[in-house]
Each structure stands twice: as structure tokens, then as C-alpha cells.
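I opened the notebook to go through this model one feature at a time. My entries follow in the order I looked things up.

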Amino acid sequence: MLFLAATANATINGNTAELIAAVAAILALILSATAIWFVRHSEKRQLFIQLHDLLTSPDSQAGRRILHTRMKYPWQISLIFHLSPREFDLVNRTLGLYNTLGIYVHRGYVRRDEAFAHWAGPIKNSWPELERFLRWRRDNANGVRMWSYFVWLAQEVGADVPSDMRLHPGWEAEKPYS
């Protein structure tokens, strides 16, 4: 607004130098705002690409494959005890990466629409197996809720999250860990 007033004043007084300075200042402001937007957009995109690379890594795929093959049915939850330490770590890593994706989407570090376009389907389709593992972990950790941002993300993409696992408004403040 100040620039517009200066521009109007410069044209009334006929002072071309002031008019040129005001226009240059307005152009500089526009260019700065555009540069800031471009950098923020590029940083979010780069962060998403890095996370996407981790989520599609062989280890993450192996963790999802273990969940799909060994926990497809409720009675298979007992097979968790037969996972090797490496297999257990792969499943844990997969859930940790999904939780990280949830954190990044929730806090706006990555674009929601981009994350959902790539990962909503896999999360929604994998939810039954992931839920079994989450319940088992919660039951074996004295009821401590783990991977809350992943549960939030599953809710957001439309997975059928049961009421006893659903997160209510204000859930972030309940625990200092995710």
C-alpha cells in the first residue's frame, strides 16, 4: 500500500526517479516472494522424493511382503514369534517409515496431495495386516500406543481403523512419543 501511495505521489509531482524506484521495489518484492515460494516447494518435493525412495527400498518392500504373507489372517498373528530378528526389524522399519510419512504430512513438511496420491492406496490396502502388527506391539508394550502418526495417516486415507484404535482430536498432546 505504501508503494502504491509513493507511486501515485511520484506521478502527481512528475518525479520520474521516485516512480522508477517504487516500481523497482515492487518488482523486487514480487521476485523475492516468488523465490521463497519456489525454494519451499522444491524443499518439500525433495523431502518427499527422499522419503518415497526409503518407502520403496528393498528393505521396506520386504517388510511389507512379510506383513502380507505372514499376517494376512487373524490367526497368523502367532507367526510373529517365528519371525527372525531380521524379519522383525524389516516389519518395524516399514511401520517406522509409514509413521514418518504421517509426521511429515501432518506437520506440512511434504504436500498432502502428493503423499496421498502415492501412498493412500498401499496404506489402505495393507491396513488389516498392519493393524494386527500394531495391536500385537501395543499389547506387548503395556498398552503404549505406537506409531500414532501412522494410525492418523491411515484414518486420513480412509482405512477402516476400528474405534479402539482411532485417534481423537488432541491426541498429539497425550504422549511425548509417536
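**Entry 1: salt bridges**

I began in helix α5, where Arg135 and Glu131 sit four residues apart, so about one helical turn separates them. The model is a predicted one. An α-helix has 3.6 residues a turn, so residues three or four places apart point the same way. I then looked at the two side chains and found that Arg135 and Glu131 meet in a salt bridge, 2.9 Å from N to O.

Is Glu131 buried or exposed? I read 15% relative accessibility, so Glu131 counts as buried. The cut-off for buried is under 20%. Arg135 is partly exposed, at a relative accessible area of 21%.

Side chains of opposite charge can pair when their charged atoms come close. Another of the bridges links Asp113 and Arg111, with the closest N and O atoms 2.7 Å apart. Asp113 is partly exposed at 44% relative accessibility. Arg111 is partly exposed too, with a relative accessible area of 31%.

Next I took Glu156 and Arg112, whose side chains meet in a salt bridge at 2.4 Å, N to O. What does this pair tie together? Glu156 belongs to helix α6 and Arg112 to helix α5, so the pair ties together parts 44 residues apart in sequence. I noted 34% relative accessibility for Glu156, which counts as partly exposed. Arg112 has a relative accessible area of 37% and is partly exposed.

**Entry 2: overall layout**

I stepped back to the whole chain. The protein has six helices and zero strands. Along the sequence the pattern reads α-α-α-α-α-α. Of its 178 residues, 35% count as buried. I checked contacts between residues at least 6 apart in sequence, and 68% of them join residues at least 24 apart. The protein exposes about 10,500 Å², and carbon and sulfur atoms supply 60% of that area.

**Entry 3: helix α6**

How many of the 10 residues of α6 are buried? I found nine, so this helix, residues 148-157, is largely enclosed by the rest of the structure. The buried set is Ser148, Tyr149, Phe150, Val151, Trp152, Leu153, Ala154, Gln155 and Val157. I looked for what covers these residues, and the cover includes α4 (85-106) and α5 (112-139).

I read on past the helix end. Ala159 is in the segment after α6. Ala159 is buried, with a relative accessible area of 7%. Leaving out residues up to four places away in sequence, Ala159 touches Lys124, Trp127 and Ala154. The C-alpha atoms of Ala159 and Trp127 are 6.4 Å apart, though 32 residues separate the two along the chain.

**Entry 4: the nonpolar core**

I turned to the largest nonpolar core, which has 38 residues; Leu95, Leu101, Ile123, Trp127, Phe133, Leu134 and Phe150 touch the most other members. Helices α2 (16-55), α3 (58-70), α4, α5 and α6 each supply at least two residues of this core. Which helix gives the largest share of the core? I found α5, with 10 residues.

Not counting residues up to four places away in sequence, Leu95 touches Leu130, Phe133, Leu134, Trp147 and Phe150.

**Entry 5: helix α4**

I compared the length of α4 with expectation. At 1.5 Å a residue, its 22 residues should span 32 Å, and the end C-alpha atoms are 31 Å apart, which agrees. I listed its buried residues, among them Glu87, Thr94, Leu95, Asn99, Gly102 and Val105. Just after α4, Gly108 has a positive phi of about 80°.

Glu114 is buried, with a relative accessible area of 11%. Beyond residues up to four places away in sequence, Glu114 touches Arg45 and Phe48.

I finished on the surface. Val23, Leu27 and Ile30 form a nonpolar patch there, with about 260 Å² of accessible area together. Ile30 lies in helix α2.

Methods: Residues numbered from 1 in each chain as written. Predicted model: local features only at pLDDT ≥ 70, side-chain atom pairs only at ≥ 80, totals over all residues. Heavy atoms only, no water. Buried < 20%, exposed > 50% of the residue type's maximum accessible area, 1.4 Å probe, protein only. Contact = heavy atoms within 4.5 Å. Expected span 1.5 Å × (residues − 1). Core = buried A, V, L, I, M, F, W, Y, C linked by side-chain atoms within 4.5 Å. Patch = residues over 30% accessible without salt bridge, like charges linked within 9 Å, V, L, I, M, F, W, Y side chains within 5 Å. Areas by Shrake-Rupley, 256 points an atom, 1.4 Å probe, with all protein chains shown as cover. Salt bridge = Lys/Arg side-chain N within 4 Å of Asp/Glu carboxyl O.
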